[in-house]
Amino acid sequence: MGTVQIREVRKSYGAVQVLHGISIDIEDGEFVALVGPSGCGKSTLLRMIAGLESISGGDIAIGNRVVNNVAPKDRDIAMVFQNYALYPHKNVRDNMGFALQQRRVPKPEIAKRVNEAARILGLEHLLDRKPRQLSGGQRQRVAMGRAIVRDPNVFLFDEPLSNLDAKLRVQMRSEIKELHQRLKTTTIYVTHDQIEAMTLADRVVVMNGGVVEQEGPPLELYDRPASLFVAAFIGSPPMNFLQGQIIEGNGLRLEDNTVLGLPAADPKQRRQVTIGVRPEHFVIAETGWPATVSIVEPTGSETQITARLAGQLIRILVRGRTSAMPGDEIRLAVTPGDIHFFDAAPIPELASAEDA
Amino acid sequence: MSARAPAVSYDARNTLGHRLRILAGIFVSIVFLFPIYWMVLTSFKQQVDIFTNPPTFFFEPTLATYKEYMRRADIVRRIVNTIIVAAGSGLLSIVVGTMAGYALARIRLRGAGTIGLIILLSRGVPPIALAVPMFLVARKLGLTDKHITLILAYSTFLIPYVMWLMRGFFLALPKELEESAMIDGCSRYGAFFKIILPISLPGLLSTLIFSMILAWEELLFALVLTNRYASTIPVAIAGIAGDTVNGANWGALTAVGTITVVPVVIFALLVQKWLIKGLADGATKG
């Protein structure tokens, strides 16, 4: 059984606490992504599940067995590292078979399972090569092959695609997804790239500063971010934010006294708010918020427009092409459900959407 | 690109700087190799040719000195002693030093840095200050003039040396290698012996070779701790050079010197592939 229960898990290094009571329940066969900016504790949590870091408080159970004091080798897990950690002195075949050798699996059985994994991953012709004779993508596949032959309770992935170039990353992302659909092994996947998390996972756990900000299916996080942080972190290009004061008649007074008409009211009736609108939810219309186009960036399938609204730069994403030109005055409409209300707070600065 | 590359290197070959570097290389080689050349040459000379002035480069070579001295000064037994002591202390130090170096590189241990530093500091003590106390201890234990005494004495300075070199090699390896091995079913020891050691082999071998050369040429401890039975080649050479009764026998000196140097050179040539690899990349190949 590949369930994983994380209950009130804490981690401290000396006086510094890096995880503040994390609880996550992972079901058998589920694909869960842990995502967050660097330093949020996601890798530490994964390493604690693997047994590579001690647990300062709380429990971790794999398959209903508490593993706090169980050695990594006895947890029945397989892990894929960011740098792949292939054994440089062993060829691909022996890299993939090493874990089975350690478990004294009979040789014919090892050969069978290695060949099967190699077939799934398209590595058959590379079995006799050494890791240094492989390309980055091939090494990545070998690392996954090493995990597959184990047929473990849980797969752990620690930023497995970060060392690949952008094109290969997209390809390997699809392969990982396909692999999970085929093997249905419980998977915990750590990444700083929200796109990876969104596209791969059944459930995304957004972490920040050692706590869980929000967890849920990817689209729920996109549609109903629980905090300003999640709103800013999920989605690419990132959500636009405007701060202001709610005034009579559903208006938002911005810092420079511009008043924008709001199509929806804040369900929590706050006076000071930050509102968020995703770039793809703006519609260029006859009436709406006035803005001045400053940059137009067409990519063919869509066009990204940077515009100035009340002195603030906002991003607009339009499907297909647009006739808007720099300097044009446009009006932006938003449907009521697409405006997100948050407590007035500084906008979190995140690089995630850009560097990924 | 590839078509232009040879042209560039052709230009580089003809620059003045390049020629100067080659000249400097030749000069340094002469400075270092000439004494060795002269030693080997002299060892094949007859007594009369050794002292001619100006020195001669052409003479009738003879093995007389070798034949005579091999018989007289027990040189064969001393060579065997030196091999036993160099191999013994080299192997002992590599086993202990490698494991200690791994512990210092990887295991989170309170005060690990301090422990490492103290072991290193022990190398700062001049050997001459240790030689006499060591002799007294050895005599109390009845261990003077024994191979094991020299092996243990040499290990006192070889182990810190091995430990610090190997620690560097291990630090250069990604720790995910062991972590992966531990998830794959190894204990920490299993990960060390099955993954880390095989990868570090070039570094390990070059460290072993350097340790054995250091032990091979050691004089002071050998002089103090042995007298007849376990005495080594450097002691024999010192004996010939410092013969106050008959004066230094240059023919014998150069012959025994050649015998001492030649095995090291042959050994180094045999293992140079490992030596260079170990020195160059510290065994980090990903």
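Tutor: Start with a definition. A polar contact is a pair of N or O atoms within 3.5 Å, and within protein one must be able to donate a hydrogen and the other to accept it. Keep in mind that this model is predicted. Between domain 1 of chain B and domain 2 of chain B, one residue pair is in polar contact, both at pLDDT 80 or more.

Student: What makes these two parts of chain B domains, and where do they run?

Tutor: The bounds come from an automatic or database domain assignment. Domain 1 covers 11-43 and domain 2 covers 72-284. Their C-alpha centres lie 31 Å apart. Four residues from domain 1 of chain B and six from domain 2 of chain B make the contact.

Student: How much area do domain 1 and domain 2 of chain B bury between them, and on which atoms?

Tutor: About 400 Å², with 80% of it on carbon and sulfur atoms. On the domain 1 side, Met39(B), Thr42(B) and Ser43(B) supply 85% of the buried area, more than any other three residues. The count of salt bridges between the two domains is zero. The touching side of domain 1 has two nonpolar residues, two polar and no charged.

Student: Why is the link between Arg47(A) and Glu179(B) called a salt bridge?

Tutor: Set the value against the cut-off. The side chains meet at 2.7 Å, N to O. The limit is 4 Å, from a side-chain nitrogen of Lys or Arg to a carboxyl oxygen of Asp or Glu. The pair Arg47(A) and Glu179(B) therefore qualifies. Chain A and chain B have two salt bridges between them. Elements of chain A that each supply at least two residues to the side touching chain B include α1 (42-50) and α4 (136-150). That side of chain A divides into 13 nonpolar, three polar and nine charged residues.

Student: How many residues are in contact between chain A and chain B?

Tutor: 25 residues of chain A are in contact with 20 of chain B. The chains bury about 1,900 Å² between them, 61% of it on carbon and sulfur atoms.

Student: Why is the aromatic pair Phe229(A) and Phe233(A) called stacked?

Tutor: Two tests apply. The centres lie 5.7 Å apart, and the limit is 6.5 Å, so the rings pair. The planes are 10° apart, and under 30 degrees counts as stacked. Both residues sit in helix α8 (residues 228-233) of chain A, four residues apart, which means about one helical turn separates them.

Technical notes
Residues numbered from 1 in each chain as written. Chains lettered and ligands numbered in written order. Predicted model: local features only at pLDDT ≥ 70, side-chain atom pairs only at ≥ 80, totals over all residues. Heavy atoms only, no water. Contact = heavy atoms within 4.5 Å. Buried area = accessible area lost by both parts, 1.4 Å probe. Polar contact = N/O pair within 3.5 Å; in protein donor to acceptor, adjacent residues only side chain to side chain. Nonpolar A, V, L, I, M, F, W, Y, C, P; charged D, E, K, R; others polar. Phe/Tyr/Trp six-rings, centres within 6.5 Å; stacked < 30°, edge-to-face > 60°.
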